[in-house]
Amino acid sequence: MSLYPVNSTADALSLLGEESERSSRLQDEIRQLIGTSGINAISFAQFMESALYHPVNGYYTAATQVLDRGGDFTTAPELGAVFGHFLSTKIARAFHSSPIPARIYEFGAGSGKLCVQILSELNRLGCEIDDYVIIEISPRMKQIQQQLVARQIPKISTKVHWSDFPADKGIQGVVIANEVIDAMPVELIRFVEGRVHQGYVTERGDAFQLEFRTILEEEFEQTCNQISWPNFEGIYTSEIHCRAEAWLEKVAECFEVGSMLISDYGFPQHEYYHPDRNQGTLMCHRRHHSLHDPFDFIGCQDITAHVNFSSLARIAETVGLEVNGFTTLAGFIVDTGLESLDLASLQISEQMSVTQQLNTLTSPSEMGELFKVMELSKNIEPDRLGFKSFDHMHRL
Ligand SMILES: C[S@@+](CC[C@H](N)C(=O)[O-])C[C@H]1O[C@@H](n2cnc3c(N)ncnc32)[C@H](O)[C@@H]1O
């Protein structure tokens, strides 16, 4: 999503200097992976993994700025503190209604703004937190988060810890993952003459190209066969979220007690694999432009795909988590209580900013419908705040 005016010339996007050199180095590494693969190709998910998370040259590892005005795209916490306000209200209720440790685990904390917003808001609400644990895959993002937390909330910064995954102790508390799953690598699939094929990345001259081949791995073929594909005419391309499913299984293994809030762009499965969505949802972002070629600006643009919430719900249930609620962001915000913003107590300029954020978060043409919130839980009787009025569980 872009909120900022963008320069529409190709020049505004072109890679210069260090970026261009880093992208070349990354492309050489990807060529090497292809060369040593034994099949002269890597799966699309392997390509996306390298493009985003290569330990030295990947997008999230090395880009100077990913989020906000100077970066490539904007997430809800980057708009301001309103999204964090509603999430904090829900988290405070979770701690109040269940005897769980006052501990928050945030996966993929981006710039660290959501952590700052939540800890500040919980502090304001008088909700004491013991620990805020961030599990961040990118060392570079972790460094950015550490700087922001130290600068913006010095008095409570000692509560924030960074941990590798899986957490050494079992997870007890509230887990949040905002726009993390849509940054996880996906496999691409395409129906060719009625049979599902898998997307592979190969080389053609100096460039990379996508090639759809017969599926080689039995497990992946089974995953594809379990999906009820739509009736469609012509070519149908989409994504399969194996990495996100494996990630949720791993989280569930460590999960002992508490609640988990997953918020992201996405759909239930029948809407995801809709006949009209025949190009899938894969999208790239650079300098607030929405782009469509993952082989452009390799390592210097974001690559993302929407989340299949039905597949997450199915995995959750098979690994012992309960699905407590699923709704749109607008539904979640309205049910959590607009009155909690107490607009009347704010300065005019703050009122304007809050109203603007609310518009973006709730408008059906922006984040209100496309962005969803799902709550999973284990060993607690969850409070239904956020999901009572507009529960969309039946759509999963
Ligand atoms: C799109 S950004 C979202 C950042 C932040 N949550 C926000 O809403 O602004 C994705 C973040 O998730 C991190 N990430 C991706 N996969 C991850 C994983 N498996 N575990 C932890 N962090 C991950 C990325 O490095 C990045 O910080």
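The dialogue below goes from the overall fold to single residues.

Visitor: What should I know before I start?
Guide: This is a predicted model, in which local features need pLDDT of at least 70 and side-chain atom pairs count only at pLDDT 80 or more, while totals for chains, interfaces and linings use all residues. Residues are numbered from 1 along each chain as its sequence is written.

Visitor: How many helices and strands does the chain have?
Guide: Helices (H or I, at least four residues) and strands (E, at least two) are DSSP runs, numbered from the N terminus. Here the chain has 13 helices and 16 strands.

Visitor: What does the radius of gyration say about the chain?
Guide: The radius is taken over C-alpha atoms, and the globule rule is 2.2 Å times the number of residues to the power 0.38. For 396 residues, a compact globule would come out near 21 Å, and the chain agrees because its own value is 21 Å. Along the principal axes, the C-alpha atoms fill a box of roughly 60 × 45 × 40 Å.

Visitor: What share of the residues counts as buried?
Guide: A residue is buried if 20 or more other C-beta atoms lie within 10 Å of its own, exposed if 12 or fewer, and partly exposed in between, with C-beta atoms placed from the backbone. In this chain, 44% of the 396 residues count as buried.

Visitor: Which residues have the most contacts inside the largest nonpolar core?
Guide: In soluble globular proteins, nonpolar side chains tend to be buried together. A nonpolar core is a set of buried Ala, Val, Leu, Ile, Met, Phe, Trp, Tyr and Cys residues joined through C-beta atoms within 7 Å. The largest one here has 100 residues, and Ile91, Cys115 and Leu312 have the most contacts inside it. Helix α5 (residues 82-97) gives the largest share of this core, 8 residues. If residues up to four places away in sequence are not counted, Cys115 touches Glu106, Ala109, Tyr132, Ile134, Gln145, Val149 and Val160.

Visitor: Which residues come nearest to the ligand?
Guide: A residue is near a molecule if its C-beta atom, placed from the backbone, lies within 6 Å of it. There are 21 residues around the ligand, and Thr75, Gly108, Gly110, Ile137 and Ser138 come nearest. Ala, Val, Leu, Ile, Met, Phe, Trp, Tyr, Cys and Pro count as nonpolar, Asp, Glu, Lys and Arg as charged, and the others, Gly among them, as polar. On that scheme the shell has 13 nonpolar, 5 polar and 3 charged residues.

Visitor: Which strands pair with β6?
Guide: Two strands pair if DSSP finds at least two bridges between them. β6 runs antiparallel to strand β9 (residues 236-240), joined by 5 bridges, and Leu188 stands opposite Glu239 in β9. β6 also runs antiparallel to β7, with 4 bridges; there, Ile189 has Gln198 as its bridge partner.

Visitor: What is the phi of Glu193?
Guide: Most residues other than glycine have a negative phi, and most peptide bonds are trans. Glu193 has a positive phi of about 50° although it is not a glycine. β6 and β7 form a hairpin with 2 residues between them, and Glu193 is in the turn. With 6 C-beta neighbours inside 10 Å, Glu193 counts as exposed.

Visitor: Where is His288 found?
Guide: His288 lies in the loop between β11 (283-286) and β12 (289-291), and its phi is positive, about 65°. It counts as partly exposed, with 19 C-beta neighbours inside 10 Å. β11 and β12 form a hairpin with 2 residues between them, and Arg287 in the turn has a positive phi of about 45°. These strands pair in the antiparallel sense over 3 bridges, with Arg286 bridged to His289. β11 also pairs with strand β13 (residues 302-304), antiparallel over 3 bridges, where Met283 stands opposite Thr304.

Methods: Contact = placed C-beta atoms within 7 Å.
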